[in-house]
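Please read the following report alongside the sequence and the model.

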Amino acid sequence: MLFRSVASDASSNSPATALTGSMDSATFDIDNTAPTIAVTGTRRDGARTVLLFEVRDSDSSVQRVEYSTDGDTWTAVYPIDGLADSRTERFELPLEGDVASRGVVIRATDALNNIGNARADAAQATTSGGR
């Protein structure tokens, strides 16, 4: 998007001395779309439940993802590749003990501070192969 700002002093000057000026802004994006969060699976790893999910944003990069088990304390979680820097990121969230059975809230923020959230119920985790 681009904005043009125009200013004139014609209302307080004669037509011969009135001045008008304009300036165009730099282009910029408007993104009001929150990231989407999709739980892609769960698995058991001993006493731990691992929640697998993906965060996507159609317009800007994913910047931060956090989870909460109580709705009060938020903890950062990092993508599998270690850096939240693209429009699609995959995550593996290990949860200890019975935390998974109570449910987890996931919150994702994109580069323009739009926030999306989802509730994940990992109680139906499957056992990982070989364990």
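Strand E8, which covers residues 104–110, runs antiparallel to E9 and is joined to it by six bridges; helices (H or I, at least four residues) and strands (E, at least two) are DSSP runs numbered from the N terminus. Within this pairing, Val-105 has Arg-119 of E9 as its bridge partner. The two strands belong to an open sheet of four strands, paired antiparallel in the order E6-E5-E8-E9, where two strands count as paired if DSSP finds at least two bridges between them. The edges of this sheet are strand E6 (75–76) and strand E9 (115–120), each of which pairs on one side only.

This is a predicted model, in which local features need pLDDT of at least 70 and side-chain atom pairs count only at pLDDT 80 or more, while totals for chains, interfaces and linings use all residues. Residues are numbered from 1 along each chain as its sequence is written, and side-chain values use heavy atoms, with hydrogens and water left out.

The loop between E8 and E9 contains Asn-114. Asn-114 counts as buried because its relative accessibility is 12%, the limits being under 20% relative accessible area for buried, over 50% for exposed and partly exposed in between, with a 1.4 Å probe and protein chains only. Apart from neighbours within four places in sequence, the residues in contact with Asn-114 include Asp-31, Asn-32, Thr-33, Ala-34 and Pro-35, as well as Ala-108 and Thr-109; contact means heavy atoms within 4.5 Å.

Met-1, in the segment before strand E1 (4–8), counts as exposed because its relative accessibility is 53%. Together with Phe-3, Phe-28 and Ile-30, Met-1 makes a nonpolar surface patch of about 420 Å².

For the whole protein, one helix and ten strands are found, and along the sequence they follow the pattern β-β-β-β-β-β-β-α-β-β-β. The radius of gyration, taken over C-alpha atoms, is set beside the globule rule of 2.2 Å times the number of residues to the power 0.38.

| Quantity | Value |
|---|---|
| Radius of gyration, the protein | 24 Å |
| Box filled by the C-alpha atoms, along the principal axes | roughly 90 × 25 × 20 Å |

Buried residues make up 31% of the 131 residues. Of the contacts between residues at least 6 apart in sequence, 56% join residues at least 24 apart.

Definitions and conventions. Patch = residues over 30% accessible without salt bridge, like charges linked within 9 Å, V, L, I, M, F, W, Y side chains within 5 Å. Areas by Shrake-Rupley, 256 points an atom, 1.4 Å probe, with all protein chains shown as cover. Salt bridge = Lys/Arg side-chain N within 4 Å of Asp/Glu carboxyl O.
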